[in-house]
Amino acid sequence: MNISYRWLQELVPGLQLSPEQVAERLAMLGAPVDEVVPVGAQLGDIVIGRVIEARRHPNADRLSLCVVDAGASEPLQVVCGAPNVTAGAFYPFAPVGATLPDGMVIRKAKIRGEVSQGMLCSARELNLGREHDGILELHGEFETGRRFIDAVGLDDARLVVDITPNRPDLLSHVGVAREIAADTGLEMRLSDLPDAPALQPPVLLGDGSPESAADGVTIRIEDTRLCPRYIGLVIRGVKVGPSPEWLASRLRAAGLRPISNVVDATNWVLHELGQPLHAFDLQRLGDQVVVRRARTGESIVTLDDVERKLTGDMLVIADADRPVAVAGVMGGADTEVQHDTRDILLECALFDAAAVRGARRALNLSTDASYRFERGIDTDSMETAVVRAAQLILATAGGTPGEGAVAGPGLPSPEPVRLRLARVARVLGEHFDAATVERHLRPLGFDAAAAGDDAVVVNVPAHRRHDVAREEDLIEEIARRHGYDNFSDELRPFRPGTVPTHPLFLLEDRLRRMLVARGFLEAHTAAFAPAPDGDVALLLPLAATESRLRRALLPGLLRRCEYNFARGARSIRLFELGTVFGPPANDAGLPVEETRLAVAVTGLRRPAHWTEPDAEFDIWDLKALMRELGAALGLGVEEHAGNELLDDGLSFRLVSDDNGEVRGRGGRVRPGVVDAPAWAGDIWAVEIRLDAVPQPTVRYRPLPTQPAVERDLALLVPDAVPAAAVAAAISSAAGSLLEEVAAFDVYSGPGVADGVRSIAYRLRFRAGDRTLTDDEVDELVNRVLQRLLNEMGVRQRA
Amino acid sequence: MTDTTDLDRQLDALEAEGLAAIEAAATAAELDAARIRLLGRKEGRLTSIMRGLGGLSPEARPAAGAKANRVKQVLSEALDAREADLSMEGPGDGARTDLSLPARRDWAGAQHPVTRVIDEICTVLARLGFTRARGPEAETDWYNFTALNTPLDHPAADMHDTFYLAPGVLLRSHTSPVQIRTMQSHQPPIRIVAPGMVYRRDPFDASHAPGFDQLEGLAVDEGITFVDLKATLAEFARGMFGEDARVRFRPSYFPFTEPSAEVDVSCLICGGGGCSACKGTGWIEIMGAGMVHPSVFEHAGYDPERYTGFAFGMGPGRIAMLRYGIPDIRLLYDTDIRFLQQFSDLP
């Protein structure tokens, strides 16, 4: 919402605050100001000029040679290229030496052989609009040479106010003025209009029935739910033309473009009172106004010259046989006020918010009017709005007002709201007595009266009925008026909550710490995925690549690897903790969600250093990583056949120690899955479903007091026998005195037969209560060797 | 006749100069040269000094010989020690090691800036009694809108603003549904903070992403007031942004709180003096907050006459952008490792 500071000053006489101070106060009242734009600040050099004489430039058909009175003793010769320059008219004039808003400095020049001593300006050159159809003609009488911004009242500031959706009353100068007046202790009142004749308010006729008539025009509402009230006022004999400068400048200061006196009058009232009005050309409209739903197949050409198809759920204003406006959205081009319009019908109506929203959406046509109807207008100021618009039109366009017709029952007044003072204190933490409550509420238009010692009864004014309906709403008003910053912020004791921290957070913390310490970078992405990577579809996706919700993390993470390959990275180590989605499996229709961890890694095991040869991350690094992750999650690592993503023979799975459930997989990503450059290395990946598991418990074991005995065994193991099976057999055969068995070397080649490899195991024996003898250990080793030979054909290497 | 004192002096000089030369040897080759020069059997200085032994009187010879042997031993030991030093210091060719070369490194890992900010926020709030709660990212419109006092014809519920998965099922547009779910499953007192991904139908640009992070706080008990809200968030701001951080509460509007407030914190960049980050105001908007609306309690099954509470929400991504000077939200979600590495604690 654009607010003109001068307009605000007129509505709040005695206002001493600067535009910046007003902005500061509005922010603290809940309507922050995005910017304060000085209007006319760059126009200080521009003066009023009058063209005394304009004739064709002797050497150029499209140029005029003008004699301009700019207040100096001698008239100036000025060359002008605008088609609309007219002798006798007033224009903004930039004399030699003046600076324009774009920084251009006007110099004395010779144009096609004729001296030019200044420039007549267009609205665009003055930053007053985008019109570039000629220089800006000023309407009215002016003193030549006077500063332009003083002469037309453009010495103003525009406040761009951010209005929350609950406060449609602030979509008007009066609404903002009411807040500022209440805040500063001043009175808000409508200003007298310049040039306005003393006008008896027109008589408004109506008895609440859906039909009414005045001045030869009948008004009929077919659906009083969608249109509870329609006021029409006829004005005959207007003379349509440009608005006087005081009106045009005011609209420009508020960021609007002046059009004609009649249309500008309705825009003035819209921005002053927040009341959308429309003016029809009565000759083109006829003598009937019907508020009804559109009929199938009807269409209308709206003011923006677009033909729009209407549907049966849209409310329209129609004459005897066709729609002439989309109710609350935009008027039709056929009945638009034009330069030759003589009689008009002014409309001020109340339309249902949902109906206007529906039409606005269907037509994709948002207007100042639809914006306000959707949020709610002030039903008590409709008559005022019609009268004020009529006054403006009579003042600027002449004419004779007729009687007004009011159709429709209007809206019933709501019940007063009872405000308990104890409740106010319970919510706000500070006590307010009835007198203070009244003092806070009355300046905003609330009618508040104490009801006993402990309550105040409040009648809500029409302009606040859209956001104030219950006790809580009034409590907020009291807090706002008291000033949020004036409440204490002293910390008081609190009771601890009953909700324990969700265990998945603790697990995520642990995994994140572990992976960051191991040199991984955390990726954090939204759950969107292209169709092949998701089962749950969005109804209205933004892009085809984001049309589903991911069913797994890895495909997205591998795309992120490609992204980094494309930027020249060869060693990439990423992980992500995130949510994946599966098809709904319950009545609520919600997708099944899982929290998962994914890791993708490629390139060097460690950053290159000249002290050692470069080594690639390999299957053993992956296995180590998976073992660590598994340990944190209570999962064991098993060999695994691979899948569509992971290579056969280079994959593992993570299996629950508790129930054998498979929770994750990891391995080498199959070639071709990732679009990797030729210089990229193998890509390794892991994905794990996270379930909250208790943090592994640690139990102390007594430190050994007896020495250990170690024996190394080089074993010839057939290729078909896994090393882990050999280790397991060793453990089983050796019994409880074997403390640890570990493979430490693997060899195949000369000296070892085909189909067999040599694996060296180190066995460490220890007894808790005595020193083992060599004989004891030899016997155990022999038992192991015997078992290995018998059970798996493994013999000791000679 | 050789003078005893002269020989003594020669041996002393040999010891001192020899030790200096050994220490100065920077390479194995230099050390070898020093060894030959000092102790070489044919031309070494000790050999030539020893030759002078024959010129001493027989009585003087044993003492001088003993001294020569001691010097030889000292120099030999120094040569061996230096040799060992040199072989430890350098690889291969015996060049002296340039210690300005880079250290051996491991890959530097890093937490994502947004989860890092979330952790910081949750840590500060933990001191104020808030525990972490979570809820589903796909929600029903009841949890996302209706229960939060937002009618389904509200613009935010529009198909063009919120991602729907099916009629009535959507991607949550804020973390606030966690408020309702938590109140349904637990009894007061409630003190939770709920971080998580939320989704809005905004195409990517420098300040919008269709999926981004939000963080919600909720405190419910008997006797909680607007004063507690202000106190808690002021304390939070000091814990999060430093002891000098000030907060400012401005009236605002959210359907699920009343009174509602926007919370500004004194600018993180200029401290309140006014800069481009705060558009010259000295304040940066970081949170929305308010007293829980009675209708929210009604939907969650709490008695609004008995319980009051406050809620607040903020964008960790926005705070990360402010804190680290990140100009474009897309950097947060692109997963460019050159970006992520900047958040490593390692050099």
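I looked up A:I317 and found its bridge partner in β20(A) to be A:A325. I am working on a predicted model, in which local features need pLDDT of at least 70, side-chain atom pairs count only at pLDDT 80 or more, and totals for chains, interfaces and linings use all residues. Residues are numbered from 1 along each chain as its sequence is written, and chains are lettered from A in the order in which they are written.

Strands β19 (residues 315-318) and β20 (residues 323-326) of chain A run antiparallel and are joined by three bridges. I take strands (E, at least two residues) and helices (H or I, at least four) as DSSP runs numbered from the N terminus; two strands pair if DSSP finds at least two bridges between them. Four residues lie between β19(A) and β20(A) in their hairpin.

I then followed A:A325 to its bridge partner in β21(A), A:G331. β20(A) pairs with β21 (residues 330-331) of chain A over two bridges, in the antiparallel sense. In that hairpin, with three residues between the strands, I noted a positive phi near 75 degrees at A:G328.

Next I examined the contact of the chains: it takes 78 residues from chain A and 69 residues from chain B. Contact requires C-beta atoms, placed from the backbone, within 7 Å. On the chain B side, helix α8 (residues 226-241) supplies the largest share, seven residues.

Lastly, I checked A:L346: leaving aside neighbours within four places in sequence, its contacts include A:G232, A:L277 and A:V386.

How values were computed:
Two residues are in contact if their C-beta atoms, placed from the backbone, lie within 7 Å.
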